[in-house]
Amino acid sequence: MKIAIASDHGGFDRKEELKDYLIKRGFDVVDVGAYYKDSCHYPEFAVKCAKEVQSGNCKFGIIICTSGEGVAIAANKVKGIRAGIGYNVTVSRLMREHNDANVITFGAKYATLKQVIARTEAFLKAEFQGGRHATRVQMINDLDK
């Protein structure tokens, strides 16, 4: 599975750690930046990651900043992207099962590597349940029109 990953300076270290973990697990990881810890603008990298998913080049995206908020907001501006903050394992699973989320975001300041890994695993293993949720996701998708 191909996964896009991105961060700003606040999430850089956690992104690098998670990227190494995912590669060791056999995932094909596309790192779209940032490539350094110098101050940078998170929307640039959030949108790059989201566009990798939008284009179909990657199945999912993972974006990390200090809080997870700004990158989720920026990613959700890209048509077809449904991003949410993985603030615990249950929510990380449910955003896939109920919302068909294709991007998960994290706040490096508020989650350890162990927590981010557990939440990422829950997100990647979960499958969209469809049914009543499909109607709601379609309503969200219709907002892109």
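Analyst: Happy to! Helices (H or I, at least four residues) and strands (E, at least two) are DSSP runs, numbered from the N terminus. This is a predicted model, where local features need pLDDT of at least 70, side-chain atom pairs count only at pLDDT 80 or more, and totals for chains, interfaces and linings use all residues. Residues are numbered from 1 along each chain as its sequence is written, and side-chain values use heavy atoms, with hydrogens and water left out.

Let's centre on H5 (residues 113-125) and its partners. Helix H4 (residues 89-97) has an axis (a line fitted to C-alpha atoms over the stretch in contact, with angles from 0 to 180 degrees between N-to-C directions) that comes within 7 Å of the H5 axis and crosses at roughly 25°. H4 is therefore roughly parallel to H5 (under 35 degrees; over 145 is roughly antiparallel, 65 to 115 roughly perpendicular, the rest oblique). Their crossing is right-handed (the near helix is turned clockwise from the far one by less than a right angle; anticlockwise is left-handed). From H4, Val-89, Ser-92, Arg-93, Met-95 and Arg-96 touch Ala-118, Arg-119, Ala-122 and Phe-123 of H5 (contact means heavy atoms within 4.5 Å). This contact comprises 5 nonpolar, 1 polar and 3 charged residues (Ala, Val, Leu, Ile, Met, Phe, Trp, Tyr, Cys and Pro are nonpolar; Asp, Glu, Lys and Arg charged; the others, Gly among them, polar).

H5 also meets helix H1 (residues 12-24): these axes come within 10 Å and cross at roughly 50°, so H1 and H5 are oblique to each other. H1 passes H5 in a right-handed crossing. Here Arg-14, Glu-17, Leu-18, Tyr-21 and Leu-22 of H1 face Leu-113, Val-116, Ile-117, Thr-120, Glu-121 and Leu-124 of H5. That contact divides into 7 nonpolar, 1 polar and 3 charged residues.

In the loop between H4 and strand S5 (103-107) sits Asp-100. Its phi is near 50°, a positive value in a residue other than glycine. Most residues other than glycine have a negative phi, and most peptide bonds are trans. Elsewhere, a cis peptide bond with omega of about -5° joins Gly-33 and Ala-34, and Ala-34 lies in the loop between strand S2 (28-31) and helix H2 (42-54).
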